[in-house]
Amino acid sequence: MDKELNVTYITLGGHVEVNKYRYLYFLIMFTVFILIICFNFTIVCLIWIHRNLHEPMYVFIAALLLNSAVFSTAIYPKLCIDYLSEKQVISYPACLFQFYLLYSLSGSEFLLLAGMAYDRYVSICKPLQYPTIMRKTTVNIFLGIAWLVPACQTAVAVLLSADMKICNFTLNGIFCNNLIYSLHCVSSKTLSIFGIFALLDVGLFPMLFILFTYTRILMISYCSCRAVRKKAAQTCLPHLLVLISFSILCAYDILIVRLGANFSQTVRLIMTLQAVLYHPLLNPIIYGLKMKEIYKHLKRLFCQAKVI
């Protein structure tokens, strides 16, 4: 507790041998962060520039990649600062803000993936109605819901946590995730119930909707001609790969919080890094290589760069 400024500081106790490997950690985190930003924004810019990519599917992809870039920005700069600092600390308000960004953006990702699943369902199963259903207004509504609903729900959890008294000033992690609840003197039933509601609302229900839509697509594609099956495979496979990748990220986050006490500090660190390293980096690679139109523009961009 800093008495002069009346600010509570939390020690991030999840780091392993920072003094010994600080520059190696910094180099890895900084490199990964730059790659994430470059990869994601390259595809976002391509979608923004090229008119033939101004379709609902590509708009959702751009929103998803932008979401990943902001998610990474909430984690990596602070990690880089910590690795170059003597003490790995964060003020409690900043910790709550990081928590807010992480979980509001995670909820947005599930809802964006649900919007993409619906877009693919209408495109493949109701192609004649697609221009009528997936209008610009519909896409904007989907995007608004995807970002506003998780943001509002997570804000409630943060406000409830801000009023809780803190007795533990060491967080057994490298950034502020659900482990912040372990800092409170007393566990809150209200927070627990609200957390379950939020998990169902922006996690489980969108997941069930995604599984339902892709099952329907699979059933209709199986009974259709080869061209429909090919279209379904080309456009749905990248979304499914991203969904699997993100689901693994969420599973790691839950395992770290629920079973972290059973693991050594090194294992917890590795599991935490697994949760934030791969997914933001894999998203643009999956869409860049698997989406035919995006791949064409990427290939053209790099061919022009070689000529120059």
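User: What volume does the second largest pocket have?

Analyst: The model is predicted. Its second largest pocket has a volume of about 480 Å³.

User: Which residues are closest to the centre of that one?

Analyst: The second largest pocket is lined by 17 residues, and I47, W48, V59, A62 and L143 are the closest to its centre. Helix 1 (18–49), helix 2 (56–73) and helix 6 each give two or more residues to this lining.

User: How does the lining of the second largest pocket divide into nonpolar, polar and charged?

Analyst: There are 12 nonpolar residues, two polar and three charged.

User: OK, now the largest pocket. How much space lies in it?

Analyst: About 1,300 Å³. Its lining has 44 residues, with Y103, N178, G195, L199 and D253 the closest to the centre. Elements giving two or more residues to the lining include helix 4 (92–125), helix 8 (226–259) and helix 9 (265–290).

User: Which element has the largest share of that lining?

Analyst: Helix 7, with 11 residues. By type, the lining of the largest pocket divides into 27 nonpolar, 15 polar and two charged residues.

User: Switching to cavities: how many of 30 Å³ or more does the search find?

Analyst: Two, over the whole structure. The second largest cavity holds about 40 Å³ of space.

User: What lines the second largest cavity?

Analyst: Its lining includes N67, F71, E109, F246 and H279. Helix 2, helix 4, helix 8 and helix 9 supply at least two lining residues each. Five of the lining residues are nonpolar, four polar and one charged.

Technical notes: Residues numbered from 1 in each chain as written. Predicted model: local features only at pLDDT ≥ 70, side-chain atom pairs only at ≥ 80, totals over all residues. Heavy atoms only, no water. 1 Å grid on protein atoms, 1.4 Å probe; cavity = no way out; pocket = protein on both sides within 12 Å on 5 of 7 lines; lining within 4 Å. Points joined across faces, edges and corners; volume = space filled by probe spheres on them. Helix = DSSP H or I, 4+ residues; strand = E, 2+ residues; numbered from the N terminus. Nonpolar A, V, L, I, M, F, W, Y, C, P; charged D, E, K, R; others polar.
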